[in-house]
Amino acid sequence: MKGEGLKIVLSGPSGSGKGTIVQELLKDGNYKLSISATTRKARTGEVDGVHYFFKTQAEFEDMIDHEQLLEYACFCNNYYGTPKAFIDETVSSGADILLEIEIQGALQVKRKYPEAIFIFIMPPTFDELKSRLKGRNTESDEVINQRLARAREELMLFKEYDYIIINDNLQDAVDKVIAISLTEKLKSSRYKAFIEDMLQN
């Protein structure tokens, strides 16, 4: 039985490792990535249309006006948002889609897609989180401190998520996301149409 794919939302503080987890999940071919739009500048190695759709502020606000985004949020003075057409097409084809989005955006998705799977990725400690952010060498101390302050606020919203994964070992974290996906696909609610069809034959 192949029904509609899962919408899997992965959120967590900047530096929690959610992006690395997503990249590992994409290697096995069972998942597709929802590409976000953003007004922030591309980092070294990032490609438009692969890592993000990089937009000017005017372009992004035009997408808002035309209701082309599933969700959007402003974070550290930049817009981030999720174009919705690609998500609907992907799950309709039976593929599972990963949405790596900020917590503000995830709460918007939850209102529109309550059936989605919400997974919160956490660092083992705040010291580890700070070390990861500094290790990137991409942001100033001021921005890092903003991200740490924001992380404390985000942790307060953990109850909005279905699952919590503490990312202290990358492979363990990846395996847990896969296990959650498999478990969700075995829920009785996903077999309703399949069983009704069997009973009619």
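This is a predicted model: local features need pLDDT of at least 70, side-chain atom pairs count only at pLDDT 80 or more; totals for chains, interfaces and linings use all residues.
Local features need pLDDT of at least 70 and side-chain atom pairs 80 or more, while totals for chains, interfaces and linings use all residues. Numbering runs from 1 along each chain as its sequence is written, and side-chain values use heavy atoms, without hydrogens and water.

Colleague: What volume does the largest pocket have?

Modeller: On a 1 Å grid over the protein atoms alone, a pocket is an open set of points with protein on both sides within 12 Å along at least five of seven lines. Points join across faces, edges and corners, and volume is the space filled by probe spheres set on them. For the largest pocket that gives about 790 Å³.

Colleague: Which helix gives the most to its lining?

Modeller: Lining residues have an atom within 4 Å of a point, and helices (H or I, at least four residues) and strands (E, at least two) are DSSP runs, numbered from the N terminus. Helix H1 (18-26), strands E5 (69-75) and E6 (78-83) and helix H5 (126-136) each supply at least two residues. With five residues, the top giver is H1.

Colleague: Which residues line the largest cavity?

Modeller: A cavity is a set of points where a 1.4 Å probe fits but cannot get out. The largest one holds about 40 Å³. Its lining is Ser 34, Ile 35, Phe 53, Pro 83 and Phe 86.

Colleague: Which strands stand at the edges of the open four-stranded sheet?

Modeller: Strands pair if DSSP finds at least two bridges between them, and the order is E4-E3-E6-E5, with mixed pairing. Each edge strand has a single partner, so one side is left without a neighbour in the sheet; these are E4 (53-54) and E5.
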